[in-house]
Amino acid sequence: MPPSSAALIRDVRPWGGPAVDLTVADGVITAVSPTQPYAEGSADPAGSPETVVQGRGRLALPTFTDAHCHLDSNRVGLPFRPHTGGPGVWTMMLNDRANWRDAEVDITERVTDLLGREIAHGVTTVRSFAQVDVDAGLERLEAVLSARETHKDRASVQVVAFPQAGLLREEGSPQVLEDALRAGADVVGGIDPCTLDRDPVRHLDIVFGLAEKFGAPVDIHLHEPGELGLFSVDLIVERTLALGMQGNVLISHGYALFDDPTRVDGLLASLAEADIAMATIAPGGKSRVPVDRLTEAGVRVGLGQDGQRDYWSPYGNGDMLDRTWQLAFTMGHRADELIEHAVAVATRGGASIVEPRLSRLGAVSDRPGLAVGDVADLLLVEGETVTSAVMDRPSDRTVLRAGRVVADQLELV
């Protein structure tokens with residue numbers, strides 16, 4: 001948590017409601033009161049906080065959580081290049097491996113710049129993957145750890161040691177994963193136990209074994225189709241319950257898990273029982289993660305940007321408000337309540353993944369994060385309503401971390 005002081009945030013509209021003033025002390029919202037008339041230069045009726053932030057009638061939202069991103073693979077801000085990837089995870093991984101060292105600037109600079117861009121656009125909590133394998137070693141992890149240190153007073157960054165190349169296809173991969181955890185990674189990653197490593201029991205033995213050894217959470221990419229994906233979920237649920245890791249396991253993507261409507265209820269019940277969270281990147285196409293049903297079933301769910309303008313895809317720009325628009329669009333949402341729920345998923349939903357002790361989203365109408373007792377991680381953004389802000393993605397934004405301004409007008413402070 002960054003250093004914080006007393007602050008008064010004037011004339012803001014939490015979740016688009018009536019105008020209020022927010023009082024902050026020690027980084028936490030301590031009072032929410034109707035906005036008081038206050039002429040510049042006159043005595044402050046609320047006392048003399050060290051900092052007064054003028055909301056100017058803007059919306060107040062919880063800051064965004066990028067719950068699934070690959071900071072270490074990005075090319076944001078660099079010249080566009082032809083997309084050279086092929087089909088399948090292994091082929092795409094090899095393409096990335098052949099190119100990532102040849103970017104115009106070094107990896108630490110790329111990662112630090114993108115993390116700063118995310119913060120400037122309203123993100124203060126991030127879960128980033130860092131690829132660790134026999135080719136990269138810990139180089140990519142070290143870049144993400146360095147960026148985290150640079151921005152430590154602006155954002156909380158949780159780092160996943162991610163075996164993008166699998167754990168069984170190349171000798172030495174499990175050791176690199178363990179080395180990454182010793183070097184400072186927070187979370188143990190896994191990927192497609194069946195389709196990539198083709199030995200789900202051994203793959204999950206390694207992942208959950210390291211999680212148990214280091215007391216670390218687990219985050220598993222799951223792109224596997226249909227019954228195969230559901231089989232992997234069953235194995236993950238089984239291990240989560242057996243090790244008492246409820247609240248500390250996440251399945252990323254899960255594109256095809258919800259394709260069969262006759263299996264959805266059972267899947268939701270299994271995820272809720274094991275308190276396994278999910279992260280989506282709002283993919284296009286027919287595969288959609290039903291975020292509304294997930295939250296209503298008690299499953300923690302967050303939104304992320306995945307790779308951004310990298311060797312996997314030309315999409316992504318560091319703006320989680322833009323990705324929230326994509327979530328609402330791909331879900332087919334039009335009603336304000338549903339679009340606001342997409343914002344709730346992208347903010348407090350993701351935060352409850354990084355910090356499981358936070359209350360999770362409940363009904364679609366739940367709008368948490370701006371009450372007395374909440375940490376003052378706030379995004380002030382122009383907009384008539386929350387929906388209009390999602391549609392317009394305005395640049396008039398002020399970002400506060402624990403009540404302290406860390407970015408304004410898309411520039412870091």
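In these legends a residue counts as buried when its relative accessible area is under 20%, as exposed when that area is over 50%, and as partly exposed in between, using a 1.4 Å probe and protein chains only. The model is predicted, so local features need pLDDT of at least 70 and side-chain atom pairs count only at pLDDT 80 or more, while totals for chains, interfaces and linings use all residues. Residues are numbered from 1 along each chain as its sequence is written, and side-chain values use heavy atoms, with hydrogens and water left out.

View 1. Threonine 398 is part of strand 14, which covers residues 397-401; strands (E, at least two residues) and helices (H or I, at least four) are DSSP runs, numbered from the N terminus. Because its relative accessibility is 3%, threonine 398 counts as buried. Its side chain makes a polar contact of 3.0 Å with the side chain of arginine 58, and another polar contact, of 2.5 Å, joins it to the side chain of aspartate 408. A polar contact is a pair of N or O atoms within 3.5 Å; within protein, one atom must be able to donate a hydrogen and the other to accept it, and residues adjacent in sequence count only if both atoms are side-chain atoms. Apart from neighbours within four places in sequence, the residues in contact with threonine 398 (heavy atoms within 4.5 Å) include Leu378, Leu379, Leu380, Val405 and Ala407.

View 2. The strands follow the order 5-6-7-8-9-10-11-12 with parallel pairing, where two strands pair if DSSP finds at least two bridges between them. Strand 5 (64-69) and strand 12 (301-303) stand at the edges and each has a single partner strand, so one side of each is left without a neighbour in the sheet. On average, neighbouring strands of this sheet are turned by 25° against each other, direction ignored. Helix 10 (residues 336-354) packs on the sheet, touching strand 12 among others, and its direction makes about 120° with that of strand 12; such angles run from 0 to 180 degrees between N-to-C directions, and axes are lines fitted to C-alpha atoms, for helices over the stretch in contact.

**View 3. Strand 8 within the sheet.** Strand 7 (residues 156-162) and strand 8 (residues 187-191) run parallel and are joined by two bridges, and alanine 161 has valine 188 of strand 8 as its bridge partner. Five of the five residues of strand 8 are buried, so this strand is largely enclosed by the rest of the structure. Val187, Gly189 and Ile191 lie on one side and Val188 and Gly190 on the other, and both faces are covered.

**View 4. Valine 126 in strand 6.** Valine 126 lies in strand 6 and is buried, with a relative accessible area of 0%. Leaving aside neighbours within four places in sequence, valine 126 is in contact with residues including Asp66, Leu115, Glu118 and Val157.

**View 5. Helix 6 against helix 7.** Helix 6 (residues 226-242) and helix 7 (residues 261-274) pack at about 25°, with their axes 9 Å apart. The two helices are therefore roughly parallel to each other, a term for angles under 35 degrees, whereas those over 145 count as roughly antiparallel, 65 to 115 as roughly perpendicular and the rest as oblique. Among the residues that meet are Leu230 and Val233 in helix 6 and Leu267 and Leu271 in helix 7.
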